[in-house]
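Please open the structure in your viewer and keep the selection tool at hand. The tour goes from stop to stop, saying each time what to select and what is there.

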Amino acid sequence: MQVSQQDFEKAKDQLKLLKVDPGNEVKLKLYALFKQATQGPCNTPKPGMLDFVNKAKWDAWNSLGSLPQESARQQYVDLVSSLVSSESSSHVKENPPDSKSGYETIEVFTEDNITKIVLNRPKMKNAISVKMYEEIMEALEEAAKDDSVITVLTGSGDYYCSGNDLNNFANVSAGGIKEMADNGAKLLKNFVKHFIDFPKPLIAVVNGPAVGISVTVLGLFDVVYSTDRATFHTPFSNLGQSPEGCSSYVFPKIMGLAKATEMLLFNKKLTAAEACSVGLVTEVFPDKTFQKEVRARLKAYASLPRNSLAISKQLLRSIEKEKLHEVNSQECACLKERWLSDECMNAVMSFLKKKSKL
Ligand SMILES: CCCCCCCCCCC/C=C/C(=O)SCCNC(=O)CCNC(=O)[C@H](O)C(C)(C)COP(=O)(O)OP(=O)(O)OC[C@H]1O[C@@H](n2cnc3c(N)ncnc32)[C@H](O)[C@@H]1OP(=O)(O)O
């Protein structure tokens with residue numbers, strides 16, 4: 001049976017209502033099918049090498065060859081329909097109704113004087129999208145003001161966090177790559193500022209592997225508990241980037257210059273035991289008993305007097321604050337330049353290309 005124009009228009013509208021980002025690969029496929037359905041085979045000039053987003057789109061459309069418009073329409077409608085049904089069946093798991101404040105990418109609970117912020121994009125290994133950066137900042141602001149005594153950050157699923165969502169670099173704004181780099185640097189500076197200034201004890205419960213910015217900001221936490229299954233990886237050079245999260249200052253202070261260099265320049269991935277021995281992690285627990293043992297610790301800490309803890313944290317941290325803000329500014333300025341470099345663009349393009357099998 002032929003798909004009608006009405007079905008096609010309906011699929012277009014349904015797509016706009018999806019709450020979960022279907023990922024780069026699917027978005028490229030949808031783009032290609034839409035173009036093929038509405039304009040026929042790709043006949044526009046191929047974009048330049050550095051215009052990697054438009055080039056990926058062009059490649060996707062071009063790969064459909066001479067697929068008839070009617071078949072493209074049918075495939076577009078089928079793909080949207082499968083996305084809609086998979087979202088409605090996974091919706092309960094991804095965003096349960098008792099989630100505190102209707103966040104999309106995180107969940108926030110307060111119980112027993114503990115505010116727990118859970119990174120909640122398990123299918124993407126909790127990669128931090130722009131939306132997630134914004135929601136984490138909002139949740140930290142709320143946690144700073146609420147009645148809780150301590151705040152906890154953890155991940156859902158098998159990963160703690162896979163760092164910056166590299167798709168953040170795929171959506172180049174109308175202002176182009178330079179504007180994206182400016183906006184990215186502002187976002188990053190503000191994100192890290194929230195950790196530097198957080199007024200209550202902040203505890204990371206590292207439930208699995210951690211990558212990139214989720215590792216660097218650990219130096220700004222007060223306590224870091226980790227499962228023995230976790231690893232700690234900051235592959236900045238592999239990505240043509242440079243350290244952030246104040247790690248260029250805090251890591252050498254914690255672990256000494258040589259160990260920091262192995263991590264931040266040479267991409268050395270640490271086991272949980274190694275991260276503990278260099279002082280990045282406070283204590284490691286067997287994966288089997290991790291949640292139970294950590295819960296008991298957190299409950300005990302959260303029963304201590306709130307103001308005393310906050311004041312003591314201030315005393316421990318205030319001497320360094322100004323320096324940390326300065327380091328944060330410098331790191332972001334440096335990254336802004338890195339994001340415009342061929343080294344970085346090629347590395348990100350290579351990751352996104354591998355994802356998109358089109
Ligand atoms: C407005 C301006 C916007 C700019 C915003 C800038 C914001 C500031 C940036 C701050 C600087 C931060 C730096 C970093 O964090 S560097 C580290 C970046 N992270 C990575 O390089 C990790 C990339 N991912 C991987 O290497 C692997 O996915 C991983 C080892 C983490 C897991 O491998 P595994 O084989 O177990 O699982 P999959 O690869 O199959 O993963 C499942 C799906 O999730 C996708 N995924 C995972 N991590 C990321 C990521 N970081 N970015 C994008 N996508 C990610 C993965 O591709 C799979 O997707 P598909 O199922 O669609 O294939």
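## A tour from ring to ring

Begin by selecting F290, which counts as buried at 2% relative accessibility, and keep in mind while you look that this is a predicted model.

Next, colour Y133 and F191, and turn the view until you see both rings. A pair of aromatic rings is described by the distance of the centres and the angle of the planes. For Y133 and F191 the centres are 4.9 Å apart and the planes stand at 90 degrees, which is an edge-to-face pair. Y133 belongs to helix α5 (residues 130–145) and F191 to helix α6 (residues 176–196), so this pair ties together parts that lie 58 residues apart in sequence. Both Y133 and F191 are buried. Now go back to F285 and F290, whose ring centres are 6.2 Å apart with planes at 50 degrees, so this pair is described as tilted.

Which residues do ring pairs link into a cluster with Y133? Select F191, F195 and F221 together with Y133 to see that cluster. In the whole model, the count of aromatic pairs comes to nine.

Select Y31 and K57, and you will find K57 over the face of the Y31 ring, 5.2 Å from the ring centre. Then select F8 and R73, where the charged end of R73 sits over the ring of F8, 6.0 Å from the centre of that ring.

## The sheet

Switch to a cartoon view and look for an open sheet of three strands, which follow the order β5-β7-β8 with mixed pairing. At its edges are β5 (210–211) and β8 (270–271), each of which pairs on one side only. Strand β7 (residues 231–233) runs antiparallel to β8 and is joined to β8 by two bridges. To see residues facing each other across these strands, select F232, which stands opposite L270 in β8.

In soluble globular proteins, nonpolar side chains tend to be buried together.

Select G163, N164, D165, L166 and F169, which lie nearest the centre of the second largest pocket, a pocket lined by 37 residues. About 860 Å³ of space lies in this second largest pocket. Which elements give two or more residues to its lining? They are α5, α6, α12 (306–339) and α13 (342–355), and the largest share, six residues, comes from α6.

The model also has four cavities of 30 Å³ or more, and the largest cavity holds about 60 Å³ of space. To find the largest cavity, select residues from its lining, among them L119, I136, Y160, F191, F195 and V217. The elements that give two or more residues to this lining are α6 and α7 (213–216).

Definitions and conventions: Residues numbered from 1 in each chain as written. Predicted model: local features only at pLDDT ≥ 70, side-chain atom pairs only at ≥ 80, totals over all residues. Heavy atoms only, no water. Phe/Tyr/Trp six-rings, centres within 6.5 Å; stacked < 30°, edge-to-face > 60°. Helix = DSSP H or I, 4+ residues; strand = E, 2+ residues; numbered from the N terminus. Buried < 20%, exposed > 50% of the residue type's maximum accessible area, 1.4 Å probe, protein only. Lys NZ or Arg CZ within 6 Å of the ring centre and 35° of its normal. Pairing = 2+ DSSP bridges. 1 Å grid on protein atoms, 1.4 Å probe; cavity = no way out; pocket = protein on both sides within 12 Å on 5 of 7 lines; lining within 4 Å. Points joined across faces, edges and corners; volume = space filled by probe spheres on them.
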